[in-house]
Amino acid sequence: MISVIIPTINEEKTIAQVVSLARKSKNVGEVIVIDDKSLDRTIETAKEAGASIITSTKIGKGASMKDGLLVARNEIIVYLDGDISNYADDVVEKMAEPLIRDEADFVKSTFGREAGRVTELVAKPLLSLLMPEALRFSQPLSGIIAGRKSFLEKVEFENDYGVDIGILLDMLKIKARIKEVHIGRLENKMKQWRELGRMSREVSRAILKRSQANPDFSLDSLGTINIIRDQMELAIKESLAPLKKMIIFDMDNTILQGRFVYEAAKEFNFEKELVKILATNSDSWLLTKLIAQNLKGLNIAQILALVDKIPLVSDTLEVISELKKRGYIVGIISDSYDVVAQHLKNKLGIDFSIANELEFSNSIATGEVKVPSHFIHTDESRCAHNFCKSNVMLKLAAKYEIPLGNIIAVGDSENDVCMVRFAGIGIAFCSNNFVLNNVADYKIDTKAFKNILEFAV
């Protein structure tokens with residue numbers, strides 16, 4: 001019998017179809033979905049379709065693949081991607097047949113699609129130099145694979161984009177019988193532009209790690225590798241220059257080195273009231289409304305003077321200026337107040353800011369606040385929260401006609417989790433929040449934005 005393992009993350013639109021397809025195979029004894037802590041209905045949809053559900057022990061495809069292998073009950077394992085909508089009906093049979101007939105120990109898929117840039121510009125040049133025996137496989141980075149459990153247990157599962165090439169090279173090392181099988185033409189999610197540099201580094205690292213055990217490896221080889229990688233990075237940057245891109249910053253404890261409401265409580269003597277509000281309420285809308293009441297009677301000059309006293313991250317202006325030169329639309333999404341966010345927008349030359357609207361009458365705060373409709377949950381929302389920054393990001397993506405994959409989001413707190421997770425690149429900035437640090441693509445632990453420029457091409 002066959003165990004089908006499907007690593008997933010936020011794939012509610014396609015996962016049921018993939019699970020149903022796998023279950024139709026007469027030789028499939030179990031379908032296991034290893035979920036990477038999805039925030040949509042992936043788990044519910046997969047369960048309804050008949051899959052067993054396991055939550056991955058660590059975020060990342062490699063960890064999910066390893067977890068699935070450990071819980072699988074059968075010797076023949078088939079890994080499918082959960083985001084593909086047009087698998088051939090017999091894809092499981094095609095992948096498993098060489099194993100069932102004892103013609104192979106490991107099966108690598110090949111399928112019709114546009115040639116991948118990382119495969120052509122990085123993987124194949126490196127393999128030709130270091131491990132030419134792998135070049136007989138037309139798609140060495142393909143993630144749709146099958147194998148004997150006893151062989152898969154002997155390989156290392158990298159937990160990044162190097163996982164697929166790593167498994168292939170390890171199988172070659174242990175002298176597994178490997179067969180490549182064509183499974184038709186597939187329509188899957190192409191890697192977003194922002195992922196290509198990262199993918200090239202992780203793929204080359206997996207190849208390099210396995211090549212260093214080769215007695216023919218030398219410093220000359222390493223120098224050639226670095227040249228190939230530099231050329232790849234340059235080619236990507238040149239091709240991405242005309243793309244529409246956006247970067248979104250949280251405000252409190254991100255651009256500002258502090259939180260406006262905490263500083264306001266100290267400045268205007270409502271610290272006890274703020275502590276009571278925070279200790280007795282958890283609803284984000286109610287918190288916003290109750291805190292705003294303590295700003296009643298303050299004039300615009302008092303509020304802006306306080307904002308100017310809160311230090312900015314030291315290189316904010318420099319980095320924002322560089323991002324704009326690189327073609328980024330730069331914005332702020334904050335659950336604080338628009339009077340503060342707008343002031344920073346004007347001060348820093350930012351393109352837009354969206355925050356809760358503090359009401360004024362004759363330049364005096366009334367203590368009333370309005371949540372913009374952009375924050376509110378709709379049928380298009382990616383999460384279940386009633387109010388969420390990710391909803392604003394979706395509206396902005398539609399307004400500017402920018403794919404989510406071309407958006408970078410930077411935040412520090414629990415309220416930024418969804419925005420950071422759904423953006424093309426999510427950055428946890430000097431954050432103590434466990435969930436945010438785990439869903440983010442990158443973590444920055446120093447109070448400076450300069451590191452963003454490394455991947456904001």
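**A walk through the chain**

Guide: Happy to! Among the contacts in the chain with a separation of 6 or more, 68% are between residues 24 or more positions apart. Keep in mind that this is a predicted model.

Visitor: How many helices and strands does the chain have?
Guide: There are 19 helices and 14 strands.

Visitor: And what share of the residues count as buried?
Guide: Of the 457 residues, 54% count as buried. The accessible surface of the chain is about 20,600 Å², and carbon and sulfur atoms make up 50% of that surface.

Visitor: What follows α7?
Guide: Lys175 comes after α7, and its phi is positive, near 60°.

Visitor: How accessible is Asn10?
Guide: Asn10 has a relative accessible area of 22%. Buried means under 20%, so Asn10 counts as partly exposed.

Visitor: What about Ser363, where is that one?
Guide: Ser363 is in the loop between β10 (352-361) and β11 (364-370). Ser363 has a positive phi of about 70°, although it is not a glycine. With 43% relative accessibility, Ser363 is partly exposed.

Visitor: New topic: how do α11 and α14 cross?
Guide: Helix α11 (residues 260-267) and helix α14 (residues 300-309) have axes that come within 10 Å and cross at roughly 115°. That angle is why the two helices are described as roughly perpendicular to each other. The crossing of α11 past α14 is right-handed.

Visitor: Which residues make the contact?
Guide: On α11, the contact is made by Phe260, Glu263, Ala264 and Glu267. On α14, the partners are Ile303, Leu306, Val307 and Lys309.

Visitor: Now Thr45. Is it buried or exposed?
Guide: Thr45 has 12% relative accessibility, so it counts as buried. You will find Thr45 in helix α2 (residues 42-48).

Visitor: What is Thr45 in contact with, apart from its neighbours within four places in sequence?
Guide: Leaving those neighbours aside, Thr45 is in contact with Glu12, Ile15 and Ala16.

Visitor: One last stop. Where is Asn438?
Guide: Asn438 is in helix α19, which runs over residues 434-439. At 34% relative accessibility, Asn438 counts as partly exposed.

Visitor: What lies 2.8 Å from a polar atom of its side chain?
Guide: That is the backbone oxygen of Phe434, 2.8 Å from a polar side-chain atom of Asn438.

Visitor: And how far is Asn438 from Arg421, C-alpha to C-alpha?
Guide: Their C-alpha atoms are separated by 9.5 Å, and the two residues are 17 residues apart along the chain.

Key
Residues numbered from 1 in each chain as written. Predicted model: local features only at pLDDT ≥ 70, side-chain atom pairs only at ≥ 80, totals over all residues. Heavy atoms only, no water. Helix = DSSP H or I, 4+ residues; strand = E, 2+ residues; numbered from the N terminus. Buried < 20%, exposed > 50% of the residue type's maximum accessible area, 1.4 Å probe, protein only. Polar contact = N/O pair within 3.5 Å; in protein donor to acceptor, adjacent residues only side chain to side chain. Contact = heavy atoms within 4.5 Å. Areas by Shrake-Rupley, 256 points an atom, 1.4 Å probe, with all protein chains shown as cover. Axes fitted to C-alpha atoms, helices over the stretch in contact; angles between N-to-C directions. Parallel < 35°, antiparallel > 145°, perpendicular 65-115°, else oblique. Left-handed = near helix turned anticlockwise from the far one by under 90°.
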